[in-house]
Amino acid sequence: MNPLVASAASSRPPNHSSPPRSSSPSSADPPPPVPMGQCLSAPRHRKPPPLPLSPALSVPPQILSSIADAVGEDHTADLPEELLALVFGLLGSGDRKRCSLVCRRWLVVEAASRFRLAIDARASPLAESALPRLLARFPAVSKLALKCDRRAESVGDPALAQVADRLGPGLRRLKLRSLRAVTDDGVAALAAAAANLRKLSVGSCDFGAKGIEAVLRSCLHLEELSVKRLRGLAESEPISVSSPRLQSLSLKDLYNGQCFSCLITQSPNLKTLKIIRCAGNWDIVLQDVPRDSLLAELHLEKLQVSDWGVAALYGLEVLYLAKAPEVTDIGLAELAAKSPRLRKLHVDGWKANRIGDRGLAAVAQKCSSLQELVLIGVNLTSLSLELIATNCPTLERLALCGSDTFGDAEMSCVASKCSALRKLCIKACPVSDAGMNKLAEGCPRLVKVKVKKCRRVTSECAEHLRASRNGALAVNFDTPGGAGELQDGRSVDDSGALDNAGSDVLPEDLDDRIGPDLSSGSSGRPSRWKALMGALMLRSFSVSIFQRQPRGACSTSHES
């Protein structure tokens, strides 16, 4: 012991005036007096001291010092900007915005590596002043979208001039939506600066054919052109130029869309043509398509076209024919004879009974490479189905919707003849369990079956089909009033969308749904799980509605 401490302790006089305090009060001692006006309360419990840190959990001082040194260190400082830009490219738009706020270096790298940009094109003084700075911040943008609300006033030609000045040479894809203040001159100025443009999409704008023609003249590398609801075409002259590299042309909801006839008939590399809900007669335009054209994919929907126009086409591989009641078996047979390489055929007959066994038999005899067949509102029988199954050995995807003549006999024909079939969809057809049970023994390569709104097919049949392949067959089963059907007459499909039960028209993305990947939806969950969850959620919602009704409410009258 230290002698100084020992001497100090020995020289300290003992205190005899007060006895030493005990750590715990004695039970014999009386309680302290309580002041007047106060009540006796329970003694306060002091917080126990923290337990000492176990030696096994203690952190060595070397690690603590290294952590303290690394707090202010930037581990990305040594990464090259190219690698950092590659990491930003794997992030979504929201994450990229958050990363740009971390530091100045990340802000610069993120802006320099952003290739896609969407700008709100509503007209306002703030937008006019902010647009130059915004375009200057992202100099590497090659995909630009200018979108405006339909009820708002859009920017005009000066905004397109700024885009041409900042991004013109590097633009590859451009989308213009609801820019009603933009004129033909503004589009021509932008097209002159964006000579390397590959894809242009225009929708709900007011300029006319002169603007489109200026794009075709200036952008010689244009490959895709989409025009929708272009109001300036009503009084426009026909476009007199073609595009040497144009491969895809889409025309939707146009009046006087025939002004694109030169572009359709004289573009040497045109492969995909979509004409949807466009007014006027299109037979003359289709008849002018050259015989040696590279046109391979054709979409015609809600169009005034007859057998004369369809029969004039050669070499098609994909045909979507929807709601064209003037096309009959004769036109389909002529097209099949001139298109022996046809792979996909989608026909929406609109229940007009103009296309049936005769036209499908011609397709079966002439198109042996058929892989996908979708028939909506078409009444076919086992006569044409047997020819299709026999002459088309590569048929993998079959969808039948709203056919009044597709019954158990036709289902048995499919099960026994279509040996290469992998995906099958039956919707609103008069089949029963007797016909569907044939699939348990036929179609050895079948992996996916959809049964929608077939009243004579029961859930026991679906379970039997699942058990027949030991779980290898995915069965998406839905009947009216079943677990997958809503009470208001709409059913839940695989993707969670709502189908109109009164309509026999399949959704537009049916070719994607019966395509290569149909095992699960966008979230990766099986369709049976989604249907069950949808039914449970609807049931709980209905129960909560009835429980919240007041007691005095009348049960016979409810407010809508």
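Residues count as buried under 20% relative accessible area, as exposed over 50% and as partly exposed in between (1.4 Å probe, protein chains only). The model is predicted: local features need pLDDT of at least 70, side-chain atom pairs count only at pLDDT 80 or more, and totals for chains, interfaces and linings use all residues. Residues are numbered from 1 along each chain as its sequence is written, and side-chain values use heavy atoms, with hydrogens and water left out.

Two loop residues have a positive phi. Asp253 lies in the loop between β6 (248–252) and α10 (261–266). Helices (H or I, at least four residues) and strands (E, at least two) are DSSP runs, numbered from the N terminus. The phi of Asp253 is near 55°, a positive value in a residue other than glycine. Asp253 is partly exposed, at 25% relative accessibility. Ser204 sits in the loop between β4 (199–203) and α9 (209–218). Its phi is also near 55°, positive in a residue other than glycine. Ser204, however, is buried, with a relative accessible area of 3%.

A further serine, Ser243, belongs to the loop between β5 (224–228) and β6. Its relative accessibility is 1%, and it counts as buried. Contact here means heavy atoms within 4.5 Å. Neighbours within four places in sequence aside, Ser243 touches Leu216, Leu222, Leu263, Ser267 and Pro268.

Strands pair if DSSP finds at least two bridges between them. Strand β1 (residues 116–120) runs parallel to strand β2 (residues 143–147), and five bridges join them. Arg116 has Lys143 in β2 as its bridge partner. On to strand β3 (residues 173–177): β2 is joined to β3 by five bridges, and these strands run parallel. Here Leu146 stands opposite Leu176 of β3.

Helix α6 (residues 125–137) forms a right-handed β-α-β unit with β1 and β2. A crossover is right-handed if, with the strands pointing away from the viewer, the path from the first strand over the helix to the second runs clockwise. Helix α7 (residues 157–167) makes a right-handed β-α-β unit with β2 and β3.

Helix α7 also meets helix α8 (residues 184–193). Their axes come within 9 Å and cross at roughly 0°. Axes are lines fitted to C-alpha atoms, for helices over the stretch in contact, and angles run from 0 to 180 degrees between N-to-C directions. Helix α7 is therefore roughly parallel to α8. Angles under 35 degrees count as roughly parallel, over 145 as roughly antiparallel, 65 to 115 as roughly perpendicular and the rest as oblique. On the α7 side, Asp157, Leu160, Val163 and Ala164 make the contact, and α8 supplies Gly186, Val187, Ala189, Leu190 and Ala193.

The axes of helix α3 (residues 81–89) and helix α5 (residues 104–112) come within 9 Å and cross at roughly 70°. The two helices α3 and α5 are therefore roughly perpendicular. Glu81, Leu84, Ala85 and Phe88 of α3 meet Arg105, Trp106, Val109 and Glu110 of α5.

In helix α13 (residues 329–338), the buried residues are Asp329, Gly331, Leu332, Leu335 and Ala336. Seen down the axis of α13, they fall within an arc of 165°, so they line one face of the helix. The arc is that of the directions from the helix axis to the C-beta atoms. These buried residues of α13 pack against α12 (307–310), β9 (318–322), β10 (344–348) and α14 (357–366).
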